[in-house]
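Visitor: I would like to go through the labels used for this model and see what stands behind each one.
Guide: Here is the model.

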Amino acid sequence: MAGEPVSSFPNEEAPSLRVLIVEDNVFIALDLEAQVMDMGHAVVGLAATAKVAIETSRTTRPDVAIVDLQLADGSRGQDVALVLMEEMEIPSIIVSGSLHQVTEADKAAIRPLAMLSKPLLPEELRQVFETAYAARTAV
């Protein structure tokens with residue numbers, strides 16, 4: 001039907017990535033949550049600090065995390081992404097207006113699925129999710 005979202009996923013059922021959103025701005029976090037859910041994925045948690053993000057990841061085991069760089073309480077998204085990758089093998093999508101803050105060493109350690117600038121375009125996120133979903137189902 002005209003006006004309905006089009007999925008480029010191979011099957012008719014919505015893919016089910018489990019996504020953690022790590023963002024300290026409540027309005028951005030809620031917008032990301034709506035985008036993720038509109039794409040047919042499940043949001044397993046919202047976290048505004050590194051500590052909460054890591055604790056939430058340990059209990060919910062997301063497939064992927066969307067991570068902002070500058071978090072509440074002065075914590076850093078780079079630190080979250082590093083722990084998620086090294087300890088839990090959870091990849092991250094870095095989303096920030098300050099991507100220049102990510103060093104080459106950070107990139108090498110974190111191995112992000114993507115680094116996207118704010119404001120985020122939904123199609124950019126959809127493409128990264130398609131890649132993540134394909135990688136997950138290929139295992």
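Visitor: How many salt bridges does the structure hold?
Guide: The structure holds 6 salt bridges. The model is predicted, so local features need pLDDT of at least 70 and side-chain atom pairs count only at pLDDT 80 or more, while totals for chains, interfaces and linings use all residues. Residues are numbered from 1 along each chain as its sequence is written, and side-chain values use heavy atoms, with hydrogens and water left out.

Visitor: What makes the contact of D79 with R76 a salt bridge?
Guide: The term requires a side-chain nitrogen of Lys or Arg within 4 Å of a carboxyl oxygen of Asp or Glu. The closest N and O atoms of D79 and R76 are 3.2 Å apart, so the pair qualifies.

Visitor: Why is D79 called partly exposed?
Guide: Buried means under 20% relative accessible area, exposed over 50%, and partly exposed in between (1.4 Å probe, protein chains only). D79 has 37%, so it falls in between. R76, with 36%, is partly exposed too.

Visitor: Which label does E104 get, and which does K107?
Guide: E104 has a relative accessible area of 60% and is therefore exposed. K107, with 30%, is partly exposed. These two side chains meet in a salt bridge at 3.2 Å, N to O.

Visitor: What separates K107 and E104 along the helix?
Guide: About one helical turn, because they are 3 residues apart in helix α4 (residues 104-110). Helices here are DSSP runs (H or I, at least four residues), and strands are E runs of at least two, numbered from the N terminus.

Visitor: Where else is there such a spacing?
Guide: In helix α5 (residues 122-138), where R126 and E123 are 3 residues apart, about one helical turn. Their closest N and O atoms are 3.6 Å apart, in a salt bridge. E123 is partly exposed at 45%.

Visitor: Which residues are linked in a network of salt bridges?
Guide: E23, D68 and K118.

Visitor: Why is α1 called oblique to α5?
Guide: Helix α1 (residues 26-38) and α5 pack at about 55°, their axes 11 Å apart. Angles under 35 degrees count as roughly parallel, over 145 as roughly antiparallel, 65 to 115 as roughly perpendicular and the rest as oblique. That makes α1 oblique to α5.

Visitor: Which residues meet there?
Guide: L32, Q35 and V36 in α1 meet P122, L125 and F129 in α5, contact being heavy atoms within 4.5 Å.

Notes:
Axes are lines fitted to C-alpha atoms, for helices over the stretch in contact, and angles run from 0 to 180 degrees between N-to-C directions.
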